[in-house]
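Hi everyone, thanks for making time today.

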Amino acid sequence: MQALHLAIPEVVLFTPKFFGDDRGFFFESFIQTAFEEATGLKRSFIQDNHSKSQRGVLRGLHYQLNPMAQGKLVRVIQGEVFDVAVDIRKNSPTFGKWVGEILSAENRKQLWIPEGFAHGFLTLSETAEFVYKTTNIYSPSSERAIMWNDPDLAIDWPIENQPLLSGKDEKAALLKNAEVF
């Protein structure tokens, strides 16, 4: 498994070794030792999530506050998304900065988004199925959201039209008003 540290080095892009022929394919989607070596972290993943979205759906920017903060290892198993991680650790030199990657069933890339980051994605294909591992359980009382189009973040979403948002995401806070780490 190849690991690439992005412009915010705590965010890591994983690309598995892929073996395919006319019978089908095989790849190891997660290797604990490779994850620990690349991130320098020992994390236990305790919940797996799976969502399906149609083209133009934007989910995020979501996070959970301590003590229920979640690290996420995300990937797409059908379709394609533009995936974003935003550093919301106020004492970090990269506070308010973001990184984004195309994740798809075809490229099989995975993104590690550590605790202290907000996460979101935009569905680029007709539909996309998105799966991810988390380091903590879902906690509605700890969940927060930052506005996807916050001008202070200036995320360069590849958007053609107004995205489809949940009611929660329509009411998300601006970073300057958000509870952060």
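Let's begin at Asp 87, which is buried with a relative accessibility of 0%. A quick word on that term: buried means under 20% relative accessible area, exposed means over 50%, and partly exposed is in between, using a 1.4 Å probe and protein chains only.

Before going on, please keep in mind that this is a predicted model, where local features need pLDDT of at least 70, side-chain atom pairs count only at pLDDT 80 or more, and totals for chains, interfaces and linings use all residues. Residues are numbered from 1 along each chain as its sequence is written, and side-chain values use heavy atoms, with hydrogens and water left out.

So which residue does Asp 87 form a salt bridge with? The partner is Arg 89, and the closest N and O atoms are 2.8 Å apart. By salt bridge I mean a side-chain nitrogen of Lys or Arg within 4 Å of a carboxyl oxygen of Asp or Glu.

Arg 89 also forms a salt bridge with Glu 10, with 3.4 Å between the closest N and O atoms. Arg 89 sits in the loop between strands S8 (80–87) and S9 (98–104), while Glu 10 sits in the loop between S1 (2–5) and S2 (12–15), so this pair ties together parts 79 residues apart in sequence. Helices (H or I, at least four residues) and strands (E, at least two) are DSSP runs, numbered from the N terminus. Arg 89 is partly exposed at 22% relative accessible area, and Glu 10 is partly exposed too, at 34%. Put together, Glu 10, Asp 87 and Arg 89 are linked in a salt-bridge network.

How many salt bridges does a search of the whole structure find? The count is nine.

Another of them joins Lys 168 to Glu 143, with the closest N and O atoms 2.9 Å apart. Lys 168 is in helix H2 (residues 167–170) and Glu 143 in strand S13 (residues 143–145), so the pair ties together parts 25 residues apart in sequence. Here Lys 168 is partly exposed at 40%, whereas Glu 143 is buried at 17%.

Finally, the strands. S3 (residues 18–21) and S4 (residues 24–27) run antiparallel and are joined by four bridges; two strands pair if DSSP finds at least two bridges between them.
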